Structure formats: structure tokens, C-alpha cells
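Here are my notes for your first look at this model. Please keep the structure open as you read.

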Amino acid sequence: HYTNPTGLHDSPMVTTAYDTALVGLAILENDTLFSMTKTLKYTLPATNKSEDRTIYNRNTLITTSMTEEYYYSYAEGMSLGATDEGGDCVVTAGRLDGLSYVCVVMGGRTTSSRDDTNYACIAAKNVLRYALISYEIKTLYSEKQRVGTIPVQFSATEESVGVKPLRDLSSLLYTEVDLEKEVQFDIEIVPKLLDAPINEGDVVGTIKAIYNGEVLDSTELVTTDAIESHGFLIFMYRVKQVTQHPVFIIILVLAVAGIVYLLLKRFPINKKKDRHKRNR
């Protein structure tokens with residue numbers, strides 16, 4: 001609950017580190033506001049009442065104009081302030097290797113009335129340093145890496161087609177995580193057999209990367225190549241299907257039986273002649 005835009009103490013005004021982090025994230029995504037918080041100095045033009053004046057950013061994490069004690073080269077923006085009730089407070093961002101963090105420290109206190117150390121700045125500097133060097137975006141499974149193969153029929157040239165992820169699987173992880181030992185993959189390939197023709201990129205399943213029971217990332221599995229079909233093989237397969245169908249077998253048996261019956265009716269067996277031969 002905010003009652004003023006200055007941050008000066010007011011009893012009804014209440015916030016938390018989490019609320020402030022949400023505000024910091026919104027500023028980080030707003031290029032105009034974020035660039036304003038990173039500006040180290042700005043010269044106000046002269047007016048009819050005063051000459052031009054230069055004002056300086058007092059965030060000691062990003063400027064050395066007042067002290068070099070708290071400066072951190074990877075810190076950017078956003079705000080630094082203090083009140084007797086809230087203590088030293090810092091809201092800042094840190095960026096390295098494409099990763100961005102928002103850091104909020106509240107309630108920084110000095111150990112004595114004569115100590116002017118800003119412990120909120122020290123904490124923010126340490127937290128940002130820890131985050132930036134301890135975590136990284138890791139590629140868990142490359143889209144160029146095959147998951148397996150699927151048998152193919154009706155192709156005159158290929159017996160199987162490769163299967164790979166649609167895109168890289170990646171996640172923000174602790175730098176010391178052993179991917180081979182600690183990350184598992186749940187791979188589901190749906191078809192056991194594919195009929196040509198096959199297009200490159202046909203979806204055939206899914207792959208999930210799992211760490212400590214949590215799904216880090218997932219994507220579809222697709223075929224690696226296009227495979228053309230062979231018309232004669234398809235024709236022979238359909239012939240085989242027809243000839244092996246129970247209805248066809250029944251009709252064939254009936255037809256054979258009918259032919260045998262007609263032949264026997266037309267050419268009856270001469271039983272008398274057979275007996276005469278046996279008597280002789």
C-alpha cells in the first residue's frame with residue numbers, strides 16, 4: 001500500500017521485498033524507465049530563474065562519483081534509499097551472459113551510530129555476484145542430437161527414419177549440476193512403424209528434461225528426414241492385406257470348393273472301371 005511516490009516514511013505505507021521485486025521486474029522490462037534509472041548524470045537546462053545544473057545518480061552500486069566501495073560493474077539501476085524506519089534499501093538489476101536478475105534488499109542497518117557503512121549495498125553486491133556466477137543457461141538436449149529411429153515401410157531406399165527434438169531443451173541451472181548424472185529424459189515415441197511417404201519434421205512424440213522430479217523443459221519429437229514411398233511396394237502390401245483378410249480366405253475356400261464340385265459333377269469318377277482293374 002503506497003501513499004506517496006517518494007519513499008519517505010508514512011505509517012500507512014506498507015510493502016514487502018516481493019512486492020518491490022515485482023515493481024523492479026516491470027521496470028526492467030520497460031526500456032524507458034530502466035534507462036532512466038541507469039543514467040549516471042543529467043544536466044538540467046538553464047531557465048529564467050537559474051543556470052543549468054547537473055544532477056548525479058546516487059546509487060553507489062553503479063557510480064563511483066561518491067565512493068568506490070560498493071561499485072559493481074555488473075549492476076544496473078534501479079534505486080537506492082533509506083529511512084530511519086526502513087533502514088538502507090536497494091533495488092537493482094544485474095546482467096551477465098544474457099541473464100538478468102532483480103535484487104531487493106531491505107532493512108539494512110549499521111552496527112553503530114558512528115558506522116556509515118551501507119550494508120544493504122554490500123548484501124546486494126554479494127547476492128548479485130553469487131547469482132551471476134552460480135547459475136547459467138544449460139543446453140540439456142540439442143536439437144541436432146538424435147533420440148532414436150523408427151522403422152519405415154513402403155520405401156525402396158530407407159529402412160528407418162531418425163527422430164530428434166524440435167528445438168534445444170535448455171534451462172537455468174546451478175553451474176555445477178552434472179547433466180549426465182542428474183538430468184533424466186522422459187522420451188515417448190508414439191508410432192512403432194511409419195509408412196512412407198514421410199515429411200521432414202513430422203511430429204512423432206515428446207521429450208521432457210527432468211531434474212529432481214521437476215520438468216525443466218519439454219518439446220516435440222520430429223522426423224529428421226523426408227522419405228518417398230515406392231508405389232509397387234504399396235500395391236503389394238495392399239494385395240497382401242486383401243489376400244490375408246478372413247473374408248477373402250472364406251470366399252477363396254468357397255470358390256475352390258465350388259470349382260471342385262463342378263469338376264466332379266462334369267467328370268464323375270468311373271467306379272465300375274476301378275473295381276474291374278482291382279479284380280484283374
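1. A term to begin with: two strands count as paired if DSSP finds at least two bridges between them. Within such a pair, I210 has V215 in β13 as its bridge partner. Bear in mind that the model is predicted.

2. Now the whole pairing. β12 (residues 203–211) also pairs with β10 (residues 183–189), in the antiparallel sense, over 7 bridges. There, V183 has Y211 of β12 as its bridge partner. β12 and β13 (residues 214–223) are antiparallel too, over 8 bridges.

3. Look at the turn. β12 and β13 make a hairpin, with 2 residues between the strands. In that turn, N212 has a positive phi of about 55 degrees.

4. Next, helix α3, residues 119–134.

5. Which residues of α3 are buried? They are A120, C121, A124, K125, L128, A131, L132 and S134. An α-helix has 3.6 residues a turn, so residues three or four places apart point the same way. The cover over the buried residues of α3 includes β3, β4, β5, β6 and β9.

6. Last, the cysteines. C121 has a relative accessible area of 0%, so C121 is buried. C103 is at 5%, which is under the 20% cut-off, so C103 is buried as well. The disulfide count comes to 0.

Notes: Residues are numbered from 1 along each chain as its sequence is written. This is a predicted model: local features need pLDDT of at least 70, side-chain atom pairs count only at pLDDT 80 or more; totals for chains, interfaces and linings use all residues. Side-chain values use heavy atoms; hydrogens and water are left out. Helices (H or I, at least four residues) and strands (E, at least two) are DSSP runs, numbered from the N terminus. Buried means under 20% relative accessible area, exposed over 50%, partly exposed in between (1.4 Å probe, protein chains only). Contact means heavy atoms within 4.5 Å. A disulfide is a pair of cysteine sulfur atoms within 2.5 Å.
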